[in-house]
Amino acid sequence: MKIKEVRELNTKELEERIDAEVATLNQKKINHSISPLDNPSLIKEQRRTVARLKTELNQRIRNNK
C-alpha cells in the first residue's frame with residue numbers, strides 16, 4: 001500500500017485497516033513458523049505496510065492536538 005493511498009483514508013478507516021493488516025501479518029508469521037512461505041519477503045512487506053499506517057495515524061493525532 002502506497003502512502004498516497006493511506007492518506008486518502010479517513011481516520012476510522014485507517015484504524016480498521018491497521019487492525020486488519022496486523023491480523024494478516026500475525027497469520028503470515030504463524031504460517032511461516034509451521035511451514036515456510038514460498039516468498040518470506042511478504043512478511044517484511046506486510047510489516048512495512050503496518051508501519052506506514054501507524055505512522056500516518058500518529059501524525060494525524062499529533063496534528064489534531
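Gln 46 is buried, with a relative accessible area of 8%; buried here means under 20% relative accessible area, exposed over 50%, and partly exposed in between, with a 1.4 Å probe and protein chains only. This residue lies in helix H3, where helices (H or I, at least four residues) and strands (E, at least two) are DSSP runs, numbered from the N terminus. Leaving aside residues up to four places away in sequence, Gln 46 touches Glu 21, Thr 24, Leu 25 and Lys 28, a contact being heavy atoms within 4.5 Å.

Before we go further, a word on what you are looking at. This is a predicted model, in which local features need pLDDT of at least 70 and side-chain atom pairs count only at pLDDT 80 or more, while totals for chains, interfaces and linings use all residues. Residues are numbered from 1 along each chain as its sequence is written, and side-chain values use heavy atoms, with hydrogens and water left out.

Now step back to the whole chain. It holds 3 helices and 0 strands, and reading along the sequence gives the pattern α-α-α. The chain is more spread out than a compact globule, because its radius of gyration is 13 Å, well over the 11 Å that the globule rule gives for 65 residues. That radius is taken over C-alpha atoms, and the rule is 2.2 Å times the number of residues to the power 0.38. Along the principal axes, the C-alpha trace spans about 45 × 20 × 15 Å. Of the contacts with a separation of 6 or more, 64% are between residues 24 or more positions apart.

Where do the nonpolar residues gather? The largest nonpolar core has 6 residues: Val 6, Leu 9, Leu 14, Ile 18, Leu 53 and Leu 57. Helices H2 and H3 (41–64) are the elements that give two or more residues to this core. A nonpolar core is a set of buried Ala, Val, Leu, Ile, Met, Phe, Trp, Tyr and Cys residues joined through side-chain atoms within 4.5 Å. In soluble globular proteins, nonpolar side chains tend to be buried together. Take Ile 18 as a guide: not counting residues up to four places away in sequence, Ile 18 touches Leu 53, Lys 54 and Leu 57. Across the chain, buried residues make up 22% of the 65 residues.

Let us now walk along helix H2. Val 22 is found in this helix, which covers residues 11–34, and Val 22 is partly exposed, with a relative accessible area of 27%. Its C-alpha atom is separated by 13 Å from that of Leu 42, 20 residues apart along the chain. Lys 29 also has its place in helix H2 and, at 41% relative accessibility, counts as partly exposed. Lys 29 and Pro 40 are 11 residues apart in sequence and 9.3 Å apart in space, C-alpha to C-alpha. Asn 31 is in helix H2 as well and is partly exposed at 35% relative accessibility. The C-alpha atoms of Asn 31 and Leu 9, 22 residues apart along the chain, are separated by 29 Å.
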